[in-house]
Amino acid sequence: MAIIPTGRTYGLLLGGGVVATLLTNFFDAPNRLTVALVALALFNGVVIALMVADGWQVNARRATIRREPLHRLSIGRDNPILLEAEAASRTRLRLFDNYPAAFDGTPMPLEVDLNGKEPETLTFTVNPKQRGEYSWGDLQLQQRGPWGLAWADWTVPAAATVAVYPDLIGLNQLSVKLALQATGTLKQKRRMGVGTEFAELREYGTGDDLRFVDWKATARLSQPLVRVLEPEREQTLLILLDRGRLMTAQVQGLTRFDWGMNAALSLALAGVSRGDRVGLGVFDRTLHTWLPPQGGRANFQQMIERLTPLEPVLEESDYLAAALHAAQQQHRRSLVVILTDIVDETASAELLSALARLRPRHLPFCITLRDPAIDRQAHQPTAAVDAAYQRAVALDLLSQRAAAFARLKQRGVLVLDAPADQIAEPLVERYLHIKSQSKL
């Protein structure tokens, strides 16, 4: 255990030095310098001895600290970390939790006053910017002595290994939202007769569409009944995630590939929750990872485990090969979603061709992850020459993207272009809309 002086101790030592200086300068006495130095040395010795004694008193009343188990962390999110501190008497603690240096997080130390009656919970956050496994260090605890002269410092063994995954916090929130919709909003849509799959018969109500009246059941039971329809289940959703050169760019602190992975998993979760069979492929020059379409939560968990170790690469992506593989693996009509980015009409010609090849049998859906910094640059008026040039380039990029999207739409491809850090929510909403409108 180490002993560290507090501010009070430094103040006493400084005060003794000031007093000794004043005695030396303002009192005329023989050997005044010697007397002042001896007095100062005795005073400092007493202060230091009291400080050491104060620090050693902590041994008999040491506080205890415990970190809650480290679960899987979410990339790009403020992940809460919980610590529980307890002491036998009133005291003050300073706590250093040695989380990985690669993480952004709450500055250390954390300080807390314990009342000696009940445990105190401390919460801080860490924000990892890259997936993978990291070593988390021990806890360092400093407890102030009862006289306030010393901090007793010691290490609490708590080293651990923590894994950083895609945005699990966002996925949990989405799961709750989808569950609420399934019991609320979607049931309301079923009453309106949206969908293609028969669910049940119910009594006719004012405002119901006459096209959904079941005349045979009405005649048999002598009361008007309508067919309740719901979106067809067991449809197929194929997700193709680009991990090529365009996805290596940093957007809002994460790579575009990380944002795309979060969006892909959000879409897969929505598909599984709606009873669809979901398949997923990750491609660059070749199809790197392929999970054939399946239903159920086990399939979704497998997607998380398979995607987590992947990183983008500086290779040109072969869109056509990825699209043809998906088409060959899935003969039944499917919603094929490609998450990538578009630079301009010329550079994206292969992507346009691949999506057009899917169109006769499948419903292609192109998702592009835009950099919000380009939007801000394009819409920020400026008088500076350099900034004006940059704005012109940004406006030209947005114009070329718009032209590429126009060509996609002309060929019957669904398109969604949104900022990379905000893509997941509108993507899930569009998917649910496609389901409710029975476009498959």
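**Entry 1**

I started with strand S15 (residues 236-242) and strand S18 (residues 277-283), which run parallel and are joined by seven bridges. Strands and helices here are DSSP runs (E of at least two residues for strands, H or I of at least four for helices), numbered from the N terminus. I count two strands as paired if DSSP finds at least two bridges between them. Leucine 237 has valine 278 in S18 as its bridge partner.

Before going further I noted the ground rules. This is a predicted model, so I take local features only at pLDDT of at least 70 and side-chain atom pairs only at pLDDT 80 or more, while totals for chains, interfaces and linings use all residues. Residues are numbered from 1 along each chain as its sequence is written, and side-chain values use heavy atoms, with hydrogens and water left out.

Next I looked at the other side of S18. S18 and S19 pair in the antiparallel sense over five bridges, and a hairpin of three residues joins S18 to S19. Phenylalanine 283 is bridged to leucine 287 in S19.

What is the strand order of the open sheet of six strands? I read it as S19-S18-S15-S20-S21-S22, with mixed pairing. Strand S19 (287-294) and strand S22 (414-419) are the edge strands, each pairing on one side only. The twist from one strand to the next averages 15 degrees; angles run from 0 to 180 degrees between N-to-C directions, and axes are lines fitted to C-alpha atoms, for helices over the stretch in contact.

**Entry 1: helices on the sheet**

I then checked which helices sit on this sheet. Helix H8 (residues 319-329) packs on the sheet and touches S15, S18, S19 and strand S20 (335-340). The direction of H8 makes about 160 degrees with that of S15. Contact here means heavy atoms within 4.5 Å. Helix H12 (residues 424-436) lies across S15, S20, strand S21 (363-370) and S22, and H12 runs at about 160 degrees to S22.

On the H6 side I listed Ala263, Ser266, Leu267, Ala270 and Gly271, and on the H12 side Ala424, Leu427, Val428 and Tyr431.

H6 also packs with helix H7 (residues 297-307), at an angle of about 170 degrees and with axes 10 Å apart. H6 and H7 are therefore roughly antiparallel. The residues that meet include Leu265 and Leu269 in H6, and Phe300 and Ile304 in H7.

H8 and helix H9 (residues 349-358) pack at about 15 degrees, with their axes 8 Å apart. That makes H8 roughly parallel to H9, and their crossing is right-handed. In H8 I found Tyr319, Leu320, Ala323, Leu324 and Ala327 meeting Glu350, Leu351, Ala354, Arg357 and Leu358 of H9.

**Entry 2: the three-strand sheet**

There is also an open sheet of three strands in the order S3-S12-S9, with mixed pairing. Strand S3 (73-74) and strand S9 (132-136) stand at its edges with a single partner strand each, so one side of each has no neighbour in the sheet. S3 pairs with strand S12 (residues 160-165) in the parallel sense over two bridges. Leucine 73 stands opposite valine 164 in S12.

**Entry 5**

I looked for rings next. Tyr99, Phe103, Phe124, Tyr134 and Trp136 form one aromatic cluster, and the count comes to five aromatic pairs. Rings of Phe, Tyr and Trp (its six-membered ring) pair if their centres lie within 6.5 Å; planes under 30 degrees apart are stacked, over 60 edge-to-face, and the rest tilted.

Two arginines turned up over ring faces. Arginine 72 lies over tyrosine 165, at 4.6 Å from the ring centre, and arginine 94 over tryptophan 151, at 4.3 Å. The rule wants NZ of Lys or CZ of Arg within 6 Å of the ring centre and within 35 degrees of the ring normal.

Last, two backbone notes. The peptide bond from methionine 108 to proline 109 is cis, with omega near 5 degrees; proline 109 is in the loop between strand S6 (104-105) and strand S7 (110-114). Glutamine 252 has a positive phi of about 55 degrees although it is not a glycine, and glutamine 252 is in the loop between strand S16 (250-251) and strand S17 (254-255).

Note on methods: Parallel < 35°, antiparallel > 145°, perpendicular 65-115°, else oblique. Left-handed = near helix turned anticlockwise from the far one by under 90°.
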